[in-house]
Amino acid sequence: MKKILSLLFLLSSFLMVSQETKKDSLSSKLNPYASIGLSISNTNDFTLGSYPSLEIGLMGKNISAGLIIGRGSLKGLGEKNDDISNYFSELKTSVSIPISKKVGTYGLLGLGTYGNFKHAFIEYGAGFSYSFNKLSYFVQSSNWDGVWYVTPGITLNF
């Protein structure tokens, strides 16, 4: 697991450096961001098939790398018997392609684990975003731990 996480970090670092085309320092091109989203699957039970998440990370010209924390489903959220095995963390990287000044598309790849570290998962998919000032609204479709989800969300760029 450590080797896979290290490989993901190295890949995202390489991609960030390879995107550098000007002589400015890389740090002057990185901007922090925070996103919230609600991923919804095609199930009969909305609370069981949906999960909330919070992502924080750094965004370069057209690549981002972030850490996501969230809960595996809304079912049981806040109940007494809720435990760490219901929560997850994920390292995610994405590459974006601008369509216009405000609209873009992106591909994503992530690697994560649940809070008890007994189960690892991958996420892959694609999405669209619409930017307005420091906010971006997005919708993406991704396969997360073997299940397809649609995720609407909001990103605040700092």
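Predicted model: local features only at pLDDT ≥ 70, side-chain atom pairs only at ≥ 80, totals over all residues.
**Entry 1: terms and model**

A salt bridge, as I use the term here, is a side-chain nitrogen of Lys or Arg within 4 Å of a carboxyl oxygen of Asp or Glu. Residues are numbered from 1 along each chain as its sequence is written, and side-chain values use heavy atoms, with hydrogens and water left out.

**Entry 2: salt bridges**

How many salt bridges does a search of the whole structure find? I looked through the whole structure and the search gave three. Side chains of opposite charge can pair when their charged atoms come close.

I looked up Asp45 and found that it forms a salt bridge with Lys75, with 3.0 Å between the closest N and O atoms. This pair links distant parts of the chain, since Asp45 sits in the loop between β1 and β2 (50-59) and Lys75 in the loop between β3 (63-71) and β4 (87-98), 30 residues apart. Strands here are DSSP runs (E, at least two residues), numbered from the N terminus. For exposure I use relative accessible area, where buried means under 20%, exposed over 50%, and partly exposed in between (1.4 Å probe, protein chains only). Asp45 is partly exposed at 25%, and Lys75 is also partly exposed, at 44%.

Next I turned to Glu55 and Lys92, whose side chains meet in a salt bridge of 3.0 Å, N to O. Glu55 belongs to strand β2 and Lys92 to strand β4, so that distant parts of the chain, 37 residues apart, are linked by the pair. Are these two residues buried or exposed? Both Glu55 and Lys92 are buried.

I then checked Asp82, which forms a salt bridge with Arg71, the closest N and O atoms being 2.8 Å apart. Because Asp82 lies in the loop between β3 and β4 and Arg71 in strand β3, the pair ties together parts that are 11 residues apart in sequence. Asp82 is partly exposed, with a relative accessible area of 21%, whereas Arg71 counts as buried at 3%.

**Entry 3: the barrel**

I followed the strands and found that eight of them close into a barrel in the order β1-β2-β3-β4-β5-β6-β7-β8, with antiparallel pairing (two strands pair if DSSP finds at least two bridges between them). Seven bridges join β1 to strand β8 (residues 147-157), and these two run antiparallel. Which residue in β8 is the bridge partner of Tyr33? I found Asn157 there.

**Entry 4: Ser41**

Ser41 lies in strand β1 (residues 31-41), and I note that Ser41 is buried, with a relative accessible area of 12%. A polar atom of the Ser41 side chain lies 2.9 Å from the backbone oxygen of Gly49. Leaving out residues up to four places away in sequence, Ser41 touches Gly49, Val147, Trp148 and Tyr149 (contact means heavy atoms within 4.5 Å).

**Entry 5: positive phi**

Most residues other than glycine have a negative phi. I therefore wrote down Phe117, which is not a glycine but has a positive phi of about 60°, and which counts as exposed at 66% relative accessibility. Phe117 lies in the loop between β5 (103-114) and β6 (120-132). Asn133, likewise not a glycine, has a positive phi of about 55°. I located Asn133 in the loop between β6 and β7 (135-144), where Asn133 counts as exposed at 72% relative accessibility.

Key. Helix = DSSP H or I, 4+ residues; strand = E, 2+ residues; numbered from the N terminus. Polar contact = N/O pair within 3.5 Å; in protein donor to acceptor, adjacent residues only side chain to side chain.
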